[in-house]
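Here are a few exercises to work through with the model open beside you. Try each task before you read its solution.

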Amino acid sequence: ALAACGLKIPKSVAVTDRSTAGQAAAEVGFPVALKTLGLAHKTGANGLALGLTTPAEVEAAAPSLADGPLLVERMVAGSLVEVLVGVTRDPAHGFVLTLGAGGTMTEVLRDRASLLIPASRMEVTARLMGLKIAPLLKGFRGKPPVNLDALLDSIDAVQAYVLANAEQVEEVEINPLICTQEAAIAADALIRKAQ
C-alpha cells in the first residue's frame, strides 16, 4: 500500500508453506531476512531472522520463528542510519508526523521530533537536522551522508498515503527506514486502520 504512493521497499515474497522459504529466498536474492507477518514487534516475539545467506540457513530458521505466514525479504545493504517515520491521528490536531532514531535504538535513544501533516520538505528537513542522529544523516567520522532527497521522498510517500486514506488511517509506522548513500528503503511497516 505504501509502495503504491512511492515508498521504496525491498524485493520480497510471502510464503504460507515454510518448506518453500529456501526456494523463495533464492528467487529474492541473498542475503535475506525472514519475518513473521502480522507481528508489530518482530524482534521481541521471535518473528525475525536476519542475514541468512543460503537456502539451508533459511530452511533451518523458518520452522523456529513465531507462527504465521513468512515474508522472505532481501536485506538492504549499505545502511548508514535507521530512521523511524510514524504518523498517528490526533483528535485535536489531525495527523502528527513523528521522525526519529529507528530500528532497535528507537526506545533506547528516544530521539524524536513531531510536526503536523501536511509538512513541507523544508519543515521536515529542519526537524531531521534537529535530531540527535543528525550527524549520522550528514556523514559522521568518515562515513558518507545519506541520500537526503531519498529520505524526504520516503516521508512524502508516507504523507501522501495518509492524506489519500485519511478517513481510514489511525496509524502508520515505518521502522526502520534504512537510509543509505543511494536510497531510503522501508524494511518494515505497520498500518493500523480505524475500527
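**Exercise 1: the cysteines**

A search of the whole structure turns up 0 disulfides (pairs of cysteine sulfur atoms within 2.5 Å). Before going on, note that this is a predicted model, where local features need pLDDT of at least 70 and side-chain atom pairs count only at pLDDT 80 or more, while totals for chains, interfaces and linings use all residues. Residues are numbered from 1 along each chain as its sequence is written, and side-chain values use heavy atoms, with hydrogens and water left out.

Task: explain why Cys5 is too far from the closest cysteine sulfur for a bond.

Solution. Step one: a disulfide is a covalent bond between the sulfur atoms of two cysteines. Step two: the closest cysteine sulfur to that of Cys5 belongs to Cys179 and is 19 Å away, so a bond is out of reach. Step three: compare the surroundings, taking buried as under 20% relative accessible area, exposed as over 50% and partly exposed as in between (1.4 Å probe, protein chains only). Cys5 is partly exposed at 29%, while Cys179 is buried at 0%.

**Exercise 2: a threonine in a loop**

Task: describe where Thr180 sits and what it touches.

Solution. Step one: Thr180 belongs to the loop between β8 (169-179) and β9 (184-186). Step two: its relative accessible area is 3%, so Thr180 is buried. Step three: a polar atom of the Thr180 side chain lies 3.1 Å from the backbone nitrogen of Glu182. Step four: with neighbours within four places in sequence left aside, Thr180 has contacts (heavy atoms within 4.5 Å) that include Val76, Leu80, Val146 and Asn147.

Technical notes. Helix = DSSP H or I, 4+ residues; strand = E, 2+ residues; numbered from the N terminus. Polar contact = N/O pair within 3.5 Å; in protein donor to acceptor, adjacent residues only side chain to side chain.
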